[in-house]
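Q: Could we go through the side-chain contacts in this structure together? I would like to begin with the charged residues.

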Amino acid sequence: MAAAAEQGGEKIPPGKPMSVEQHMLDKGAQMLQSLKPIKQMNQHICTFALYSHDMTRQIETHHFATRLNQDFLQCAVYDSDDSTARLIGVEYIVSDKIFESLPPDEQKLWHSHAYEIKSGLLVNPRVPEMVVRPELENLAKTYGKFWCTWQTDRGDKLPMGPPVLMMSPQPVNLGMVNPDLIVKRDDKYNISSEALKNARIEIPEPEWINPQADYWKQHGVGFFIDVEATEMKKTVPFP
Amino acid sequence: MEAVNVLTHPQIPGEPTQTSTTLLEKATATIQGFGPVNKIHQHLCAFHFYGHDMTRQVEAHHFCGHQNEEFRQCLIYDRPDDDGRLIGIEYLVSEELFLTLPDEEKRFWHSHEFEVKSGVLFMPGVPGPIQRQDLEKVAKTYGKVFHFWQVDRGDSLPLGIPQVMMALTRDGQLYENLAQDVENRYNISFAKERENRAYMTGPAHGIHPMANGGGKGLQTVLREVECKPAGVDHSAARVFV
């Protein structure tokens with residue numbers, strides 16, 4: 001498992017292994033604290049995402065999702081599913097109903113999910129397809145907003161820079177996922193995205209996908225977050 | 001400072017979760033592996049303010065796991081409840097790791113010395129002497145926080161772009177009413193805990209001048225970039241000084 005955390009012999013992140021003392025402190029805290037929001041995570045989703053500012057960079061993602069109501073999920077996103085996984089971002093998922101209520105400028109930051117589900121790219125590891133089918137039908141009509149805070153795919157040993165916006169796989173040139181990535185993921189879970197695609201033919205396509213989503217498809221642009229130094233609004237000195 | 005920023009927990013639009021969905025997700029919760037999430041062992045409560053605006057302050061509940069002795073990764077919620085909103089992420093690094101960062105990057109990171117020593121950063125439910133064993137280490141670390149959901153302005157959904165957040169660095173910054181609200185809710189006293197933590201020290205090399213925004217406010221801005229054709233590198237972030 002340690003191999004998963006290394007790239008080219010360097011650990012990501014670097015640092016000394018946890019001391020025995022720290023393990024004990026951790027265990028102690030864990031016994032005394034209730035950690036409620038964490039216990040509400042009830043779904044593991046494995047799929048793929050692309051950097052909106054550079055769609056040749058594609059990653060396998062592991063979302064641990066919490067559903068807050070029938071129309072909304074919040075996900076902690078990691079770069080693998082084992083205990084050494086790095087926390088690489090957050091994704092929010094909303095129903096089409098909520099998405100339609102957003103202003104157009106906000107909608108530009110979101111992506112649709114129908115293709116990645118119909119194509120078998122999005123899976124719930126270990127759960128039989130038939131059990132999870134109703135959830136997939138729900139998710140197929142949703143939109144997501146995914147900020148990545150740690151670009152481990154390019155070897156960043158520590159989280160660097162501002163968050164970047166991610167996009168979803170789409171059946172259009174730049175949005176197609178590199179088959180090698182898919183094979184690697186499929187082998188790991190002993191599944192076949194191709195087979196899932198066939199099984200999912202019955203999942204209804206959304207009647208309409210809002211063209212503000214997957215903004216790059218119609219406009220050829222991705223997004224970047226710049227950070228500007230400015231005077232902080234304050235009433236007491238900082239720092 | 002005036003009392004403002006009363007804690008908000010806005011209602012998310014949408015229907016209540018259907019029973020069939022709940023049952024399905026109970027099944028997935030039982031069958032699937034949650035390796036990375038099972039590493040989250042600690043709950044820390046603290047406050048953040050916006051990197052460009054100290055007057056907007058947010059109570060932040062961190063749920064943290066160690067990648068190793070020197071690095072923690074935390075999910076930040078607006079409250080430590082079943083329906084807490086996931087509003088941000090924080091990374092904590094040791095001073096040693098912090099010093100390996102380029103200066104441009106150091107600006108994003110804030111020091112923890114004041115938050116810890118003032119008693120304001122604490123571990124709910126954990127007795128003082130045990131907390132302090134861990135917090136004396138935290139006092140020497142640096143943190144990097146982004147928030148994605150501006151609950152303090154009443155947003156019922158995570159709108160807009162990520163915000164760089166900063167943390168308390170001196171007395172007088174934290175609004176009295178926010179502090180008292182936490183003290184009452186958890187039946188604690190920051191002042192009392194400050195006395196208990198007087199022995200703690202911050203980073204061995206002192207707080208780095210480039211940390212905490214390098215003394216400036218930091219504001220995020222959205223920029224459209226052309227979809228990369230092969231050979232063009234958009235990946236260098238522009239940080240305007």
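**Charged and aromatic contacts**

A: A:E129, A:R133, A:R200 and A:E202 are joined in a network of salt bridges. Please note that the model is predicted.

Q: How many salt bridges are there over all chains?
A: The search of the whole structure finds 30 salt bridges.

Q: What links A:D226 and B:R223?
A: Their side chains meet in a salt bridge, at 2.6 Å from N to O. The pair crosses between chains, running from strand β10 (residues 221–230) of chain A, which holds A:D226, to strand β8 (residues 217–226) of chain B, which holds B:R223.

Q: And are those two residues, A:D226 and B:R223, buried or exposed?
A: Both A:D226 and B:R223 are buried.

Q: Which residue does A:K108 form a salt bridge with?
A: The partner of A:K108 is A:D105, with the closest N and O atoms 3.5 Å apart. A:K108 is buried, at a relative accessible area of 12%, whereas A:D105 is exposed, at 58%.

Q: How far apart are B:D181 and B:R185 in helix α7 of chain B?
A: They are four residues apart in that helix (residues 176–186), which means a separation of about one helical turn. B:D181 and B:R185 form a salt bridge, with 2.9 Å between the closest N and O atoms. B:D181 is partly exposed at 33% relative accessibility, and B:R185 is partly exposed at 39%.

Q: Moving to helix α7 of chain A, which residues are buried there?
A: In this helix (residues 179–189), A:I182, A:R185, A:D186 and A:Y189 are buried. Seen down the axis of α7(A), the buried residues fall within an arc of 100 degrees, so they line one face of the helix.

Q: What does the face of α7(A) turned away from the buried side carry?
A: That face carries the exposed residues A:D180, A:K184 and A:D187.

Q: Now the rings: how many aromatic pairs are there over all chains?
A: The count is 17 aromatic pairs. In one pair, the ring centres of B:F71 and B:Y91 are 5.9 Å apart and the planes lie at 45 degrees, so the pair is tilted. B:F71 lies in strand β3 (residues 71–77) and B:Y91 in strand β4 (residues 86–93) of chain B, so the pair ties together parts that are 20 residues apart in sequence. Both B:F71 and B:Y91 are buried.

Q: Where does the charged end of A:R57 sit?
A: The charged end of A:R57 sits over the ring of A:Y51, 3.9 Å from the ring centre.

Note on methods. Residues are numbered from 1 along each chain as its sequence is written. Chains are lettered from A and ligands numbered from 1 in the order in which they are written. This is a predicted model: local features need pLDDT of at least 70, side-chain atom pairs count only at pLDDT 80 or more; totals for chains, interfaces and linings use all residues. Side-chain values use heavy atoms; hydrogens and water are left out. Rings of Phe, Tyr and Trp (its six-membered ring) pair if their centres lie within 6.5 Å; planes under 30 degrees apart count as stacked, over 60 as edge-to-face and the rest as tilted. Helices (H or I, at least four residues) and strands (E, at least two) are DSSP runs, numbered from the N terminus. Buried means under 20% relative accessible area, exposed over 50%, partly exposed in between (1.4 Å probe, protein chains only). A charge sits over a ring if NZ of Lys or CZ of Arg is within 6 Å of the ring centre and within 35 degrees of the ring normal. The arc is that of the directions from the helix axis to the C-beta atoms. A salt bridge is a side-chain nitrogen of Lys or Arg within 4 Å of a carboxyl oxygen of Asp or Glu.
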